[in-house]
Amino acid sequence: MFHQLRLRIQDLEQMAKEQDKESEKQMLLAEVENHHKQMLSNQNAWRKANLACKLAIDNHEKDELLQSGVSSVRQRKMTKEGLVQTASSITESLMTISRMMSQQVQQSEESVQTLGKLKYQCMDYFSVHLR
């Protein structure tokens with residue numbers, strides 16, 4: 001866009017240099033200078049507008065991320081009740097498993113004691129009958 005404008009200004013400058021009358025030449029060169037300044041001003045304005053748009057887009061994306069973060073925080077808060085219920089259920093299950101394991105341990109202790117008694121009974125039996 002600015003490249004074509006720059007070429008047109010250069011064409012105008014070339015025409016100004018080719019003028020025979022000094023007054024017309026000076027008038028066209030002044031016009032070239034005005035157009036050149038206007039082009040530079042427009043370029044700066046264009047760059048500033050681009051930067052402003054990029055900044056606005058970045059801010060918009062940041063706001064969207066923050067809003068999704070707020071939404072996820074809300075969702076987490078809403079699911080805290082579900083988590084508490086799940087944790088409670090897990091705790092109850094663990095307590096049941098713990099009781100079952102305790103019963104298993106108790107049965108194993110009774111079995112070990114019974115085996116210990118049987119061992120001594122067998123030893124007594126063999127010591128009496130094998131002598």
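I began with Thr96, which lies in helix α2; helices (H or I, at least four residues) and strands (E, at least two) are taken as DSSP runs, numbered from the N terminus. The model is a predicted one, in which local features need pLDDT of at least 70 and side-chain atom pairs count only at pLDDT 80 or more, while totals for chains, interfaces and linings use all residues. Residues are numbered from 1 along each chain as its sequence is written, and side-chain values use heavy atoms, with hydrogens and water left out.

I then looked up the exposure of Thr96, which is partly exposed at a relative accessible area of 36%; here buried means under 20%, exposed over 50% and partly exposed in between, with a 1.4 Å probe and protein chains only. From Thr96 I went to Lys48, which is 48 residues away in sequence and 69 Å away in space, C-alpha to C-alpha.

The C-alpha atoms fill a box of roughly 150 × 40 × 15 Å along the principal axes, and 6% of the 131 residues count as buried.

Next I turned to the largest nonpolar core, whose seven residues are Phe2, Ile9, Leu12, Ala16, Leu28, Val32 and Met39; such a core is a set of buried Ala, Val, Leu, Ile, Met, Phe, Trp, Tyr and Cys residues joined through side-chain atoms within 4.5 Å. Helices α1 (2-17) and α2 (22-129) each supply at least two residues of this core, and α1 gives the most, with four. Leaving out residues up to four places away in sequence, I found Phe2 touching Met39, Asn42, Gln43 and Trp46, where contact means heavy atoms within 4.5 Å.

I also looked for salt bridges, defined as a side-chain nitrogen of Lys or Arg within 4 Å of a carboxyl oxygen of Asp or Glu, and the count came to one. Glu13 pairs with Lys17 in this way, the closest N and O atoms being 3.9 Å apart. The two residues, Glu13 and Lys17, are four residues apart in helix α1 and so are separated by about one helical turn. Glu13 is partly exposed at 30% relative accessible area, and Lys17 is partly exposed at 49%.
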